[in-house]
Every structure is written in structure tokens, then in C-alpha cells.
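Here is a briefing on the structure shown next. Look at it before reading the points below.

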Amino acid sequence: MTSTPKLSCRNIWKLYGADAEQFLRRNPDPSDEDIRRSGIIGAVRKASLDIAEGEIFVIMGLSGSGKSTLVRCLSRLIEPTGGEVLFDGTDLLRASDTEMIDIRRHKLGMVFQHFALLPHLSVLQNVMFPLTVQGVPKPQAEVKARDVVELVGLKGREDNYPRELSGGQQQRVGIARSLVTEPDLWFLDEPFSALDPLIRREMQDEFLSLQARLHKTIVFITHDFEEAVRLADRIAIMKDGKIIQVATPEELVVNPASDYVEEFTRHIPRSKVLTAGGLMTAGQSAKGEPILTNARISDVAQRIILSDGPVPVEDRTGRIVGTIDRKAIAHVLFGAGVSE
Amino acid sequence: MIARPGPGTIVTCALIVATILLGTYGRDIAKELDMRWLVKFPSAWIIPFKTYISGAMKWLVEEAAIGPLSFTDITRGIAWLIEQPYRFVLSLLGDGFTLGRGDDARTLLPPVSWIVVTAAVMALGHYCRDWLLAALVGACFAYLAIFGQWDSAMVTLASVLIAVPIGAGGGLLVGIWAYRHPLGERILSPVLDLMQTIPIFAYLVPILFMFGFGPVSALVATIIYATPPMVRVTILALKSVDPELVDFGRMAGTTKRQLMWRILVPSASHSLMVGVNQVIMLTLNMVIIASMIGAGGLGFDVLAALRRLDIGAGFEAGIAIVVLAIAVDRLSQAFAERMGQIHPPQTDQSWAARHKRTVIVLILLAATWIFGRFSPFILDYPEAQTLTTGVFWNDVVKYLNVNFFDMFEAIKVFFLTYFMLPIKRTLLGIPWLWTIAMLVLLGWRAGGWRLALLCGGLSGLIAITGLWSKAMVTVYLCGASVILATIIGVPLGVLAALNRRAGVAINLLIDTLQTLPSFVYLIPVVMLFRVGDFTAMIAIVLYALAPAVRYAAHGIRNVSGDLIEAGIVSGCTPRQLLRLVRLPLALPEILLGINQTIMLALSMLVITALVGTRDLGQEVYIALTKADTGRGLVAGLAIAFIAIIADRLVNASARGARIRFGLES
């Protein structure tokens with residue numbers, strides 16, 4: 001990442017227990033042993049992240065790993081015990097209550113696992129809610145709200161109430177509501193976990209196409225590694241309140257930092273994660289229609305297998321940077337690994 | 001399977017036997033040793049708290065002041081504030097608007113006709129649910145008119161209409177405050193506890209002292225009585241709002257006020273309406289008691305009838321309260337339900353088209369006011385057409401008493417000689433020091449030294465105020481009633497849980513018992529058994545039965561299905577299943593039910609003072625008639641102390657049982 005990060009956090013701690021704050025002040029970098037001995041629970045331990053503008057950043061962990069707590073620290077729904085959260089270069093943790101209200105009204109949006117729709121308001125009123133609390137005039141708010149409702153494909157359901165909608169539709173309302181203020185930074189807290197597998201897939205696809213149009217900076221929480229791999233530009237894996245690896249999906253599969261990470265990657269079809277750029281033999285050249293470096297193997301495997309010789313691989317600028325052949329593909333699809 | 005009794009069991013048994021022996025022979029032993037103080041608390045040691053409190057009260061009313069503003073000014077201000085809306089509603093429903101005083105008073109506008117009021121509640125019923133509800137509440141109000149209870153009922157309704165919004169609104173605001181400030185909740189919680197355990201009568205006296213005899217005092221007492229549950233419900237309802245919704249509200253950038261009124265309160269509205277319903281029921285419960293300090297209406301009618309033992313009139317007015325309570329309760333429940341549902345607004349119609357019911361009621365109102373000038377029948381239900389059942393009830397009682405006197409007398413004597421008097425004699429015979437020691441021991445066993453200290457301290461205080469023997473009579477009456485209520489209630493609850501058809505019938509019975517205002521129980525029992533302890537006990541048992549049944553049924557139903565299946569697979573017969581699985585696991589719930597029964601019994605105790613018991617309730621009642629603040633408060637607090645001791649002991653043992661079963665850590 002060369003540009004300055006949109007959101008970054010440094011050494012975020014969230015400790016629960018009596019005198020947790022004083023404990024951290026006395027000992028700014030406590031070890032696991034220190035924490036256990038003082039009877040304090042460490043929900044988030046020394047988390048540092050940099051999230052670039054326009055990136056889909058997924059925080060992945062099992063339940064109890066602290067991912068939800070971390071994202072709530074980033075949005076300051078929970079006050080971290082220590083550390084700093086820099087959003088566009090300013091420390092959110094030092095913002096006053098009124099400043100925080102202002103930032104949340106205009107720059108942050110959030111989608112919740114169980115939708116968090118207000119039961120007494122209609123779809124349109126729910127979507128308008130963030131504008132209403134800002135005091136935006138009603139006609140103006142309504143126009144905006146109708147636009148985003150249409151964007152998420154719920155046109156015609158504006159006057160329905162949340163409980164009259166299916167889970168997938170309810171989450172669309174949640175998404176529309178979080179987008180109505182045109183936030184710069186978009187938090188999604190396990191948005192699809194409460195949905196059926198088929199609906200979940202569909203929503204993931206729509207989420208990707210939505211992002212292709214909107215280019216938001218996204219922090220996405222999930223406990224589903226497959227979902228993380230499908231959506232993420234980069235993934236942070238959390239365990240016991242700690243971030244154990246931050247990497248692109250491909251790097252995670254190729255170079256897991258620990259057995260714990262490897263355990264997740266084991267059941268992921270490699271062809272869906274690995275790219276042509278990662279597998280090619282660099283520096284060589286071949287004839288034929290080139291493949292992009294970031295093409296997923298599962299999408300191009302058939303072409304490579306059907307072609308007789310190696311297939312050229314080109315980078316984003318159109319320069320041929322290497323070749324890829326059947327053998328490499330066979331390794332991915334059937335072999336144990338990519339290295340030999 | 002007979003386990004050998006451990007040393008703990010032996011000690012417990014020995015202590016119980018010793019207590020009973022002391023109770024039976026304590027008096028004689030004390031006389032023998034010439035140490036009467038063992039049984040009777042020496043009067044020289046009594047601290048006259050009641051004189052102090054009366055003095056303080058006198059100072060408060062006559063001298064206390066903040067700067068130029070005296071305490072009486074403040075109470076007068078509050079009274080004025082409450083009185084204005086009350087006068088307005090009363091004029092509207094009962095008295096009509098008049099100009100001038102006395103004989104030259106001219107009626108500006110007569111009160112709203114009974115036809116319009118009935119039509120209005122029917123319209124409300126139809127709006128909230130359907131024609132069925134409209135018919136029910138319409139019938140209730142028509143009953144009030146036809147049976148000649150209309151005027152009194154409107155006075156009562158006026159006070160309900162004032163007390164409920166103040167109680168519910170005030171409760172909501174206090175609840176919100178406590179929700180926002182955790183410290184507030186910690187302060188409020190014990191205050192609410194005390195407010196709910198002190199019998200209402202105890203604070204009637206200071207209210208009487210501050211606000212004088214009249215409807216305002218009655219309203220103040222009603223509001224104080226009816227608000228605490230609303231506060232609790234509010235705190236609970238706000239706390240149980242989905243935390244995600246709160247997160248969302250904060251992420252949307254709501255201010256604290258927006259978060260409260262646009263997210264929390266609307267999301268919790270359904271539970272909040274349950275609280276409002278509670279306020280309404282408690283307000284109606286207070287109707288008769290409030291009439292002791294000046295509320296008129298149906299409550300006053302019952303009380304007056306009870307005082308002259310005019311059973312027929314009392315019963316009729318009592319039924320009228322029940323009818324009014326049913327109408328108001330069903331309406332408010334339906335209203336709460338409707339609030340929970342969502343109805344698409346119809347914006348494309350005119351105001352009149354959207355509010356057909358309001359329009360009809362308004363037209364009716366205007367019509368009755370215009371035509372009422374020519375035909376009084378339209379304004380007031382004609383007296384000649386009223387029915388009365390009073391004579392009938394009097395005749396029934398006469399008949400029963402003439403023909404079945406011996407039987408009733410036999411039942412009464414049997415219970416008195418073999419059940420009540422032995423308990424009473426034993427309790428009064430136990431030396432007070434021994435009782436306190438036993439309470440401390442019990443507290444220590446159930447909840448550690450903290451509870452032991454509480455038990456010892458509170459029972460010691462009762463002794464020091466010189467109310468020991470009256471307190472023991474209270475414990476005896478309450479204890480006997482609770483034992484009886486448990487013996488009847490728990491099996492009923494078990495039956496209700498195990499048998500669906502029996503459950504429906506029992507539920508209906510319990511619902512009915514709970515809707516009746518507490519005084520109504522007294523009337524039929526007094527009719528048959530005349531005044532005395534036995535009558536009091538029957539009334540208390542009837543009043544306090546409900547929680548014993550409810551909790552037992554709930555406990556049995558809630559035993560986990562897995563355990564039942566495990567029992568069945570192990571080859572339990574249904575009887576074994578009940579004895580070995582269901583009952584032990586439901587024990588904590590059953591204990592909590594008994595706890596509630598004790599609380600209800602204690603609160604009924606003061607009311608039974610009307611039929612001549614000689615306990616703390618009587619003390620409070622006497623204080624009320626003499627407007628003796630100190631005496632009333634001290635006796636009231638003594639009842640509260642008994643309630644607190646019982647509550648903490650039972651709760652601690654219920655908790656112990658839950659921990660033993662691993663239902664709680």
C-alpha cells in the first residue's frame with residue numbers, strides 16, 4: 001500500500017474487568033500471562049491495521065475471536081481501553097461526542113448481522129432514518145431514500161414493514177439505510193451470516209457489483225472463510241483477540257502464517273483463490289491470447305488445459321510477464337500443492 | 001432409599017423440636033422462673049419511634065420551609081396541579097360544568113350522557129380490536145347504568161383517568177432516568193423494593209397529613225402505589241431492546257435524546273404497554289383503599305356498605321368495580337396489541353372519512369346535549385328503571401345462615417381449634433430472643449452472614465418498637481394463610497401444568513381471582529363466617545392463592561424436555577416422573593411462588609383488619625382513623641420488615657436450590 005491508509009488503528013486494546021484501564025496504564029504491553037493472572041479478559045489484544053481507500057478489508061475469525069469487538073472499537077461503539085484509531089489522519093478516540101455524532105452522520109455507515117431495522121417504521125422510513133435524525137428536509141430525504149431503495153433492488157416495497165420482508169430483503173433495507181448518507185467508510189458486521197446459503201451467495205454477488213460501482217472503503221466482518229476469500233482484497237485473521245495474519249487471499253493459501261490459518265485454507269478449493277500471476281513461469285513468453293495476472297485459476301483453467309502449449313500472461317498494463325501451462329493447472333486442481 | 005441422617009439434619013430437627021416445646025411451655029417456664037421479660041418484651045426497653053416520627057411529621061407540616069417556601073406550600077402546589085385536570089374530567093363525566101356556587105349555581109353544560117360514554121368506549125373497543133370487544137365493554141358500561149352504579153362509577157373512572165397517565169408517564173420518565181444513569185438504578189432499586197413491600201395503608205397516613213382528606217390525597221396515594229411497576233417495566237424494557245438497534249442508532253449519529261425517543265422507546269413500546277396495563281390494574285386495586293382517605297365513587301360505596309355490614313349493597317358496588325376493571329383492562333390490553341401492529345396510513349381520504357368513529361361519537365355528544373334540555377332521560381339513566389340485586393344477595397345470605405349455620409360454624413371451629421389457635425399459641429409463647437436467634441441462624445444457613453445480620457437487625461427493630469406480640473400475630477395469620485394457600489395452590493398448579501383441560505379451568509379461576517379488588521373477597525366471607533381471624537384467613541387465602549398456582553404450573557412446565565425424556569426412558573411411571581424429576585426441578589420456581597404468596601398475604605393483612613384481626617394491620621388501621629402518622633408508619637414498617645425477612649430467606653433458599661441443580665452458578 002503506497003497511499004496513506006483511509007483507516008488505521010495502532011495497538012488497540014480492549015480489556016474487560018475491574019480496573020482494566022489502570023492495569024493497561026501501569027503495563028502498556030501486557031503479556032497473555034499478565035492478563036490471565038490479573039483476572040482480566042482481553043477481548044482485543046494489541047490490534048494494528050491499515051485499511052486503504054477503496055479496499056474491501058475482511059476481518060475473519062470464529063465466534064469469540066474478538067472481531068466484532070474490534071470493529072466496534074474502530075467505529076467507537078465500544079470505547080477501546082488503549083490505542084488509537086486514525087480515520088483520514090484524525091484520531092477518532094479523541095473526538096468529542098458532538099464531533100463523533102457529526103462524523104457518524106456523514107462519513108460512516110454500518111450494516112448489522114440481524115439487520116437492526118426499526119420495527120415501527122416502513123422500509124422507506126427506515127432508509128430515511130439517518131437523514132431524518134440529521135434534520136434533512138423530508139422531501140429531499142425521501143428522494144435520496146427512494147434512490148438507494150431502488151439501488152438495492154427493493155423498488156415497490158417502500159411501504160412494507162420489516163417483518164413483512166424475507167431475511168434477504170430485510171438486509172437489503174439495512175444496506176440501503178447504511179448507504180443513504182453516502183458514507184466514506186462502510187462497516188458490515190457479518191451482514192450475510194443470518195441468511196440461508198443460497199441467498200447468501202446471491203447477496204455476496206450483489207455486494208460485489210454494488211462495490212464495483214460505489215468504490216467505498218469497506219470493513220467486512222465474517223466467520224466464514226469462504227465468504228472472506230470470495231469478497232476480500234485483503235483478509236485479517238483473528239484468534240483470541242489477536243490478529244494473527246493480514247494478507248491477500250492468495251497469500252493466505254500459499255503462505256499461511258500458522259497451523260491455525262492453514263486449517264482454514266485446507267478446505268478452500270485452491271483454483272478459486274490462486275491467480276495466473278501467482279502460478280506463471282515468469283520471464284517467458286508464448287503465443288496466443290494472453291490471460292490477466294489477476295485472473296482466478298478456476299476461471300481460466302479450461303482455456304489453459306485445452307490449449308496445446310503454454311499460455312501467455314499479461315499484467316494490467318498489457319505487458320507479457322510470463323506463461324502458464326497445463327502442468328501448473330493440474331497441480332492446482334489435483335495435486336497437493338503448487339510447489340514441486 | 002433411606003439415607004442415614006447426617007449431623008446437620010439431627011441438629012435441625014432438634015432445634016425445631018426445641019422451638020415448638022419452647023412455644024408450648026415457654027410462658028409457664030417464664031412464669032415459673034419469674035422472668036416474664038423472656039416472653040414479653042420489657043416495656044422499659046421500647047424506643048418510642050412512633051412519637052419521634054409523629055413529631056417530625058408535625059414539624060414538617062407546620063414549620064419546615066426552604067426559604068420563604070414552606071413545606072405546606074409545596075404540597076398545596078402539588079395538590080393544585082393534580083386537582084385541576086381531575087376537576088375537569090369529573091365535571092365532564094359526573095358533575096357537569098357549573099357557574100357560581102350553592103343555590104345560584106347555573107349549569108353551563110351537563111355532564112356527558114351515559115349514552116355517549118358507552119358509545120365512546122364501544123368505538124374505542126372497535127378501533128382497538130373488533131365488534132366483539134366493543135360489545136363486551138358496551139355491556140360492561142350498560143351494566144353500570146342499569147344497575148344504578150353510574151354516578152359512582154364515573155367518579156371512579158375520573159380518578160383512574162387522571163392517575164393512570166400521571167403514573168404511567170411519571171414511571172416512564174423515572175425509568176428512563178434510571179436506565180441512563182446506572183447509579184440511579186442502584187439507588188432506585190431498594191426504594192422500589194420498599195415501596196412495594198410497605199403496605200399501602202402505612203403511607204396513607206402521612207399523605208393524609210400532608211394533603212388532607214379528599215380526592216387529591218386519594219389520587220396521590222394511588223399514583224404512589226401504581227407507579228413502581230411502571231418504573232421497573234420501563235428499565236427492563238429499555239434494557240432488553242436489541243443491542244444492535246442501539247448500535248445502529250449510534251452509528252446513524254443520533255443524539256442521546258433522538259436515540260431514546262426515536263429508537264429505544266418505540267422499539268420497547270410493546271413491553272411498555274404491559275407496564276401501562278399494570279398501572280391501570282393497580283389503580284383499580286386502590287379504588288377502595290383510596291376511598292378511606294377521601295376518594296368517592298364505587299370504592300366509597302363498598303367501604304360504607306362493609307362498615308354497616310350491608311352485604312347486598314357492598315357486593316353490588318364491588319361487582320361494579322370488577323365490571324369497570326374488566327372493561328378498562330380489556331380495552332388497554334387490546335390497545336397495547338394494536339400499538340404493536342402496524343397499519344398503513346390512509347392519507348387519501350378526508351379527516352372525517354378516516355375518523356368515522358370519532359365523528360359519530362361527537363355527533364352523539366352534541367345531540368345528547370341539545371336534546372337533553374327537553375328529555376332528562378337522555379342525560380341520566382332513569383332511576384326508576386335501575387335494577388338492584390342487593391336484596392337478592394341479602395336474602396341468599398339470610399337463607400344460608402338460617403339453614404347452614406351449624407355447618408359453617410363447625411368448619412370454623414374445627415379450623416380454629418386444630419389449625420389456627422395452636423400456631424398462634426406457639427408463636428406467641430416462643431421467647432423473643434430465641435426467635436431472633438433462630439432467624440439469624442436461618443439467615444446464616446441460607447445466605448451467609450450478611451443475610452444473618454439483616455434478619456437479626458430487622459427482627460430486633462420490631463422488638464424494640466414494642467410491636468413484638470402484634471408482629472407475632474401477623475406472622476401467625478400470614479403463616480397459617482400461606483400454609484393453606486400452598487397446600488391448595490401448588491397441587492392445583494401441578495395439575496394445571498400436567499392436564500390441559502384442567503389447566504384451562506384453573507387459569508380461568510385464577511384470572512378471575514386476580515381481577516377482583518382485594519376488598520371484594522371480604523364481603524362473601526364475612527357474610528358466611530362473620531368477623532374474626534378465620535374470616536381473615538379465608539380472605540387472605542383467596543387473595544394470595546394465585547402466585548402459588550401460577551409459579552408451580554410454570555415451574556413444572558419449564559422442566560427441560562430432555563430430562564423428562566431421560567426419566568421416561570429410565571422407566572419412570574408417571575407418578576415417579578412427577579416425584580423424582582418434575583417436582584424437585586420445579587422446586588425453585590415453587591419457592592418463588594410461595595414467596596409471592598407471602599407478599600400478597602401480608603398486603604391483604606391490613607385490609608382484613610376491617611374484620612377485626614388484632615395484628616399489625618389493625619395497628620395501621622387504627623393509626624389511619626386517628627391520623628397518627630408515627631403509629632401508622634412504625635407498624636407499616638414492621639410489616640415491611642417481616643416481608644423483607646421472608647422475601648430474602650425464601651429467595652436465598654430458592655437460589656440455593658437452583659445452584660444445586662446447576663440452573664444457576
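Two residues are in contact if their C-beta atoms, placed from the backbone, lie within 7 Å. Helices (H or I, at least four residues) and strands (E, at least two) are DSSP runs, numbered from the N terminus. The model is predicted: local features need pLDDT of at least 70, side-chain atom pairs count only at pLDDT 80 or more, and totals for chains, interfaces and linings use all residues. Residues are numbered from 1 along each chain as its sequence is written, and chains are lettered from A and ligands numbered from 1 in the order in which they are written.

**Helix packing in chain B**

- Axes are lines fitted to C-alpha atoms, for helices over the stretch in contact, and angles run from 0 to 180 degrees between N-to-C directions.
- Helix α9 (residues 215–239) and helix α12 (residues 269–290) of chain B have axes that come within 8 Å and cross at roughly 160°.
- That angle makes α9(B) roughly antiparallel to α12(B); the label applies over 145 degrees, while angles under 35 degrees count as roughly parallel, 65 to 115 as roughly perpendicular and the rest as oblique.
- The crossing of α9(B) and α12(B) is right-handed. A crossing gets that name if the near helix is turned clockwise from the far one by less than a right angle, and is left-handed if anticlockwise.
- On the α9(B) side, the contact residues include B:Ala218, B:Tyr225, B:Pro229 and B:Val233. On the α12(B) side, B:Leu272, B:Gly275, B:Gln278 and B:Met286 are among them.
- This contact of α9(B) with α12(B) holds 14 nonpolar, six polar and no charged residues. Ala, Val, Leu, Ile, Met, Phe, Trp, Tyr, Cys and Pro count as nonpolar, Asp, Glu, Lys and Arg as charged, and the others, Gly among them, as polar.
- Helix α20 (residues 468–498) of chain B packs against helix α26 (residues 616–626) of chain B at about 115°, and their axes are 7 Å apart.
- B:Lys470, B:Ala471 and B:Thr474 of α20(B) meet B:Leu616, B:Gly617 and B:Glu619 of α26(B). The classes are two nonpolar, two polar and two charged.

**Six-stranded sheet in chain A**

- Two strands pair if DSSP finds at least two bridges between them.
- The order of this open sheet is β6-β7-β8-β3-β9-β10 (chain A), and the pairing is mixed.
- β6 (108–111) and β10 (242–247) of chain A each have a single partner strand, so one side of each is left without a neighbour in the sheet.
- Neighbouring strands are turned by 15° against each other on average, direction ignored.
- Strands β3 (residues 56–61) and β9 (residues 234–239) of chain A run parallel and share five bridges. One of the pairs is A:Ile59 with A:Ala236 in β9(A).
- Helix α7 (residues 167–179) of chain A packs on the sheet and touches β6 and β7 (185–189) of chain A. The direction of α7 makes about 175° with that of β6(A).

**Four-stranded sheet in chain A**

- This open sheet has antiparallel pairing and the order β2-β1-β4-β5 (chain A).
- β2 (41–51) and β5 (90–91) of chain A are the edge strands, and each pairs on one side only.
- Seven bridges link β1 (residues 7–16) of chain A to β2(A). Here A:Tyr16 stands opposite A:Ile41 in β2(A).
- Helix α3 (residues 67–74) of chain A packs on the sheet and touches β1, β2 and β4 (82–87) of chain A. The direction of α3 makes about 120° with that of β1(A).
- β1(A) and β4(A) are antiparallel and joined by five bridges. A:Cys9 has A:Val85 as its bridge partner in β4(A).
- Two bridges join β4(A) to β5(A), and A:Leu86 is paired with A:Asp91 in β5(A).
- The hairpin of β4(A) and β5(A) has two residues between the strands, and A:Asp88 takes a positive phi near 55°.

**Domains of chain A**

- Domain 1 of chain A covers 53–81 + 96–269, and domain 2 covers 271–334. Such bounds come from an automatic or database domain assignment.
- The domain centres, taken over C-alpha atoms, are separated by 33 Å.
- Seven residues from domain 1 and six residues from domain 2 of chain A form the contact.
- Helix α10 (residues 249–254) of chain A gives the most to the domain 1 side, with four residues. That side has six nonpolar, no polar and one charged.

**Contact of chains A and B**

- Chain B gives 18 residues and chain A gives 20 residues.
- On the chain B side, α10 (243–251) and α11 (256–267) of chain B are the elements that give two or more residues. α10(B) gives the most, with six residues.
- By class, the chain B side has eight nonpolar, five polar and five charged residues.
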